[in-house]
Amino acid sequence: MIKNPIPWPNGARCAVAFTWDVDADSAVHVNYPDNADNHVATLSLMRYDPEVAIPRILDLFGRHEIPLTFFTPGWTIESYPAAIDLMIGAGHEIAHHGYLHHDNNNMSRQQELDILCQGTEIIRKITGNRPLGYRTPNIRSNGVSRNTIDLLIQEGFVYDTSLFGDDIPYVLTSGQGSILEIPCLHGLDDWKHYMNWRDFGYHMPVSTPARVMEFFKAEFDAAWEYRGMWMCVWHPPVSGRLARCAAIEPLIRYMQEKGDVWFASMGEIAAHVNSVIESGDWKPRIDRLPYWVSPIAAVQDPQPR
Ligand code: ZN
């Protein structure tokens with residue numbers, strides 16, 4: 001099914017990356033710029049993230065010595081330093097997730113660049129290093145503009161993980177150069193399964209943890225079978241709740257018992273993939289951007305040809 005599988009370290013069948021988007025209440029302030037302070041219930045839902053869920057998640061994955069990647073807005077880092085200190089203290093990767101969860105689709109190139117640099121500087125200050133990777137803050141509304149990837153390349157990012165164009169990492173090229181894309185699978189985003197919340201416009205029925213884990217496990221089995229990779233996009237106030245968090249441990253054990261799995265941070269995966277590209281041991285698929293530079297002609301002329 002995968003024509004060109006990546007040779008993972010030590011002959012592993014697949015790579016597994018547990019990634020978390022640590023938004024806290026940043027998105028509430030962006031979505032309700034005039035009165036977020038009055039949305040107290042929604043604020044409380046999202047503050048559960050750094051206050052309650054992060055320590056619990058760190059305990060769980062710490063017991064299994066599994067590295068994590070936390071995509072964290074600059075504003076969250078400034079507002080909840082205790083939670084961020086815990087992540088850094090446990091040796092996990094802190095990656096870029098914008099400043100205040102803005103939507104790249106609604107910004108000029110310069111605004112996007114300014115926010116990108118602002119978030120980078122905040123991470124550099126707290127970790128001592130520039131972030132290696134980026135995930136668009138607004139992945140749920142697919143907030144990657146025609147400038148986003150160009151700017152990531154210009155700013156020297158090693159990887160992006162905001163797109164959906166393949167099952168395994170691939171290379172994006174643009175006028176600025178190239179960058180590794182570690183693609184998402186929208187079904188491995190926990191919001192799709194668990195969230196029903198009017199302030200965020202989510203109205204789907206809430207699934208049970210057992211049903212959701214069945215979905216995550218099926219994707220893992222396919223990644224293992226076809227030598228791909230499995231990467232979740234989870235959120236502490238969503239998957240960090242009691243029954244949902246408790247259901248993660250059996251999934252971890254299932255992966256461990258199946259064996260030949262490389263548990264890694266996103267930075268480690270990007271470094272490995274770039275090293276097998278450089279050594280010539282693996283040839284990536286290359287996707288050239290931009291896909292289009294303007295609306296296509298067919299939409300200007302709706303007459304059938
Ligand atoms: Zn986010």
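Analyst: Axes are lines fitted to C-alpha atoms, for helices over the stretch in contact, and angles between N-to-C directions run from 0 to 180 degrees. The model discussed here is predicted.

User: Why are helix 2 and helix 4 described as roughly parallel to each other?

Analyst: The axes of helix 2 and helix 4 cross at roughly 10°, and angles under 35 degrees count as roughly parallel. The two helices are therefore roughly parallel to each other.

User: How do you know that helix 2 and helix 4 meet, and which residues are involved?

Analyst: The axes of these two helices come within 9 Å. From helix 2, Pro50, Ile54, Pro55 and Leu58 meet Ala83, Leu86 and Met87 of helix 4. Contact here requires C-beta atoms within 7 Å.

User: What makes the span of helix 2 close to the expected one?

Analyst: Helix 2 covers residues 40-63, which is 24 residues, and reaches 34 Å from its first C-alpha to its last. At 1.5 Å a residue, the expected value is 34 Å, and the span of helix 2 is close to that.

User: Where does helix 2 bend, and which proline follows?

Analyst: The bend is at Ala53 and amounts to about 50°. Pro55 follows within four residues. Beyond its end, helix 2 is followed by Glu65, whose phi is positive, near 50°.

User: Which residues of helix 2 count as buried, and what covers them?

Analyst: The buried residues are Met46, Asp49, Pro50, Ala53, Ile54, Ile57 and Phe61.

User: Why is Ala24 called buried?

Analyst: Ala24 has 28 C-beta neighbours inside 10 Å, and the cut-off for a buried residue is 20 or more. Ala24 therefore counts as buried. This residue is found in the loop between strand 1 and helix 1, and its phi is near 45°, a positive value in a residue other than glycine.

User: Is Asn10 buried or exposed, and how do you know?

Analyst: Asn10 has 6 other C-beta atoms within 10 Å, and a residue is exposed if the number is 12 or fewer. Asn10 is therefore exposed. Its place is in the segment before strand 1, and it has a positive phi of about 55° although it is not a glycine.

User: What makes His272 partly exposed?

Analyst: His272, in helix 11 (residues 266-279), has 19 C-beta neighbours inside 10 Å. A buried residue needs 20 or more, and an exposed one has 12 or fewer. His272 lies in between, so it counts as partly exposed. The C-alpha atoms of His272 and Trp8 are separated by 7.8 Å, although these residues are 264 residues apart along the chain.

User: How do you know that the peptide bond from Leu289 to Pro290 is cis or trans?

Analyst: Omega of this bond is near 0°, and the bond is cis. Pro290 sits in the loop between strand 12 (286-288) and helix 12 (297-300).

User: Why is the protein said to be as compact as a globular protein of its length?

Analyst: The protein contains 12 helices and 12 strands. Its radius of gyration is 19 Å, close to the 19 Å that the globule rule gives for 305 residues, so the protein is as compact as a globular protein of that length. Of the 305 residues, 41% count as buried.

Terms used. Residues are numbered from 1 along each chain as its sequence is written. This is a predicted model: local features need pLDDT of at least 70, side-chain atom pairs count only at pLDDT 80 or more; totals for chains, interfaces and linings use all residues. The radius of gyration is taken over C-alpha atoms; the globule rule is 2.2 Å times the number of residues to the power 0.38. The expected span of a helix is 1.5 Å times one less than its number of residues. The bend at a residue is the angle between axes fitted to the seven residues ending there and the seven starting there. Angles under 35 degrees count as roughly parallel, over 145 as roughly antiparallel, 65 to 115 as roughly perpendicular and the rest as oblique. Two residues are in contact if their C-beta atoms, placed from the backbone, lie within 7 Å.
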